[in-house]
Amino acid sequence: MVAAVNIERVSIELTQRCKKACWFCYSGSHANGGVEFRPEEVTAFVRDLAAHGVRAVSFGGGEPLEYAGVFDILRDLKGVLFRSLTTNGLPLRNDDVVAALAAAAPDKVHVSIHFPERESEVRRVIAQVATLQARGIRGGVNLLVRRSNLAAARAALVRLDDAGIGPDRRVLLPMRGQDTPRAADVAQVAGGNPFQSMTCLMACGKSPRFCAVARDKTVAWCSYTRERRRLESLTHAALVTALAQLGVTFCGGIDDGDSPDRGGLSGRAQHGRDLVRG
């Protein structure tokens, strides 16, 4: 059973700290959120993962740029595997943070648009992705799609197109927990064109190659599910053992009263945070 787990990509939530503190945040992050990882722990853990076939690591939170050791981690892992980071972009308003990030040279940075109905946020994120590109960092956008803001999400995507941030550099993320769009809704936002989203957009189930490690050192088949297991150690062996023992629990990513197969989702499994091209 353990041998059947073949993880290629791992997400690590470095912190629960985030000044933006969105009300819908799956990790409950806030301005005074806690940190349990030490930078050297993360580096050793990821090196062990890479030695056992993991090809990419993504750092999130919370807000990873509010984690003091993130630049050291990125530098120490350069050349070991693909390193990406997802940020709300607020720390990037500080030129010193941008300079430190450029020096750490991640392979990719995605900036999130959580509220596409806010013109100032869309404009800021587009400008920040351009700034990252100018500093030699490949940038992209995570666009949150809610059922109640499809028109705003579509308008934001058109703005991304106009700015040269095409389908290969953006991910359309469906809202989970409530206000959840159908797969057809997300396709509508994409204007009927190819797009990237999560595997759970089409069918609820764990990804065969992705897992998420939370800041409390628990692991799950995705970031949203409530079924998690504490890692006995920060090693690839412990990760595989924990995942092999984990069941699957639907994250509740539909509104109360909706049928569990709404929008192509099934209530029998949890969500995978892998990507699927639509």
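Reply: Contact here means that heavy atoms come within 4.5 Å. Helices (H or I, at least four residues) and strands (E, at least two) are DSSP runs, numbered from the N terminus. This is a predicted model, in which local features need pLDDT of at least 70 and side-chain atom pairs count only at pLDDT 80 or more, while totals for chains, interfaces and linings use all residues. Residues are numbered from 1 along each chain as its sequence is written, and side-chain values use heavy atoms, with hydrogens and water left out.

The part to look at is helix H4, together with what packs around it.

H4 runs over residues 119–134 and has 16 residues. From the first C-alpha of H4 to the last is 23 Å, close to the 22 Å expected at 1.5 Å a residue; the expected span is 1.5 Å times one less than the number of residues. Which residues of H4 are buried? Buried means under 20% relative accessible area, exposed means over 50%, and partly exposed lies in between (1.4 Å probe, protein chains only). In H4, the buried residues are Glu-121, Val-122, Arg-124, Val-125, Ile-126, Gln-128, Val-129 and Leu-132. Just after H4 comes Gly-136, which takes a positive phi of about 85°.

Take H5 next. H5 has 13 residues, and its end C-alpha atoms are 18 Å apart, close to the 18 Å expected at 1.5 Å a residue. Buried in H5 are Leu-150, Ala-152, Ala-153, Ala-156, Leu-157 and Leu-160. Why do these count as one side of H5? They cover an arc of only 160° around the axis, which puts them on the same side of H5; the arc is that of the directions from the helix axis to the C-beta atoms. On the face of H5 turned away from that buried side are the exposed residues Ala-151 and Asp-162. The cover over the buried residues of H5 includes E4, H4 and E5, and also strand E6 (170–174) and helix H6 (183–189).

Now for how the two helices meet. Two packed helices are described by the angle between their axes and the distance between the axes. The axes of H4 and H5 come within 11 Å and cross at roughly 25°. Axes are lines fitted to C-alpha atoms, for helices over the stretch in contact, and angles run from 0 to 180 degrees between N-to-C directions. H4 and H5 are therefore roughly parallel to each other, since angles under 35 degrees count as roughly parallel, over 145 as roughly antiparallel, 65 to 115 as roughly perpendicular and the rest as oblique. H4 passes H5 in a right-handed crossing. On the H4 side, Glu-119, Val-122, Arg-123 and Ile-126 make the contact, and on the H5 side, Ala-156, Arg-159 and Leu-160 do. As for handedness, a crossing is right-handed if the near helix is turned clockwise from the far one by less than a right angle, and left-handed if anticlockwise.

Ala-153 is found in H5 and is buried, with a relative accessible area of 0%. Setting aside neighbours within four places in sequence, Ala-153 is in contact with Pro-116, Leu-143, Val-145 and Val-189. Phe-115 is 38 residues from Ala-153 along the chain, and their C-alpha atoms are separated by 8.3 Å.

Val-97, Val-98, Leu-101, Ala-102 and Ala-104 are buried in H3. They cover an arc of only 160° around the axis, and this puts them on the same side of H3. Asp-95, Asp-96 and Ala-103 are exposed, on the face of H3 turned away from its buried side. The buried residues of H3 pack against H2 and H4, and against E4 and strand E3 (82–87).

Last, the loop between H3 and E4 holds Ala-105. Ala-105 has a positive phi of about 50° although it is not a glycine. With a relative accessible area of 23%, Ala-105 is partly exposed.
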